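Please examine the sequence and the structure before reading the solutions.

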Amino acid sequence: MLGHGFWLIEEKAGGRFVGEGGFGSFKREIDPPFEAPDQGWALATWAHGRGYAHEAMAAALAWGMSHFARTDFVCMIAPENAPSLKLAHRLGYAEYARADYKGSPSILLRRP
């Protein structure tokens, strides 16, 4: 309905479920509010550290830049989620704020 969302990520060989990722319109009540499309991802634990997330989310970014006609995106990651923070930085995201979201601390990141 919105023209975007999350995709299923699976292994090319065998089709095993890896996770999901893409762009959401979550309408989060957060301060500061998001002013760009929100990218997110979640992978199965067995898939961590194998490059799947980077490959899939880099492809999603390329799609997003074309679809949304922009290069700036945001994401929100828990401070203890080191693998996702590392991936976000590899994808060009940088921290711009910290916020409390539904009682949990969150790092807000933005791509320029």
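A nonpolar core is a set of buried Ala, Val, Leu, Ile, Met, Phe, Trp, Tyr and Cys residues joined through side-chain atoms within 4.5 Å. Buried means under 20% relative accessible area, exposed over 50%, partly exposed in between (1.4 Å probe, protein chains only). The model is predicted: local features need pLDDT of at least 70, side-chain atom pairs count only at pLDDT 80 or more, and totals for chains, interfaces and linings use all residues. Residues are numbered from 1 along each chain as its sequence is written, and side-chain values use heavy atoms, without hydrogens and water.

**Exercise 1.** Determine which residues of the largest nonpolar core touch the most other members.

*Solution.* Step 1: this core has 21 residues, and Trp41, Met57, Tyr93 and Leu109 touch the most other members. Step 2: two or more residues come from each of β2, β3, α1, β4, α2 and β6; helices (H or I, at least four residues) and strands (E, at least two) are DSSP runs, numbered from the N terminus. Step 3: α1 gives the most, with five residues.

**Exercise 2.** Identify the buried and the exposed residues of helix α2 (residues 82-90).

*Solution.* Step 1: Ser84, Leu85, Leu87 and Ala88 are the buried residues of α2. Step 2: these residues fall within an arc of 160° (taken from the directions from the helix axis to the C-beta atoms), so they line one face of the helix. Step 3: the face turned away from the buried side carries the exposed residues Pro83, Lys86 and Arg90.

**Exercise 3.** Describe the burial of strand β3 (residues 38-43).

*Solution.* Five of the six residues of β3 are buried.
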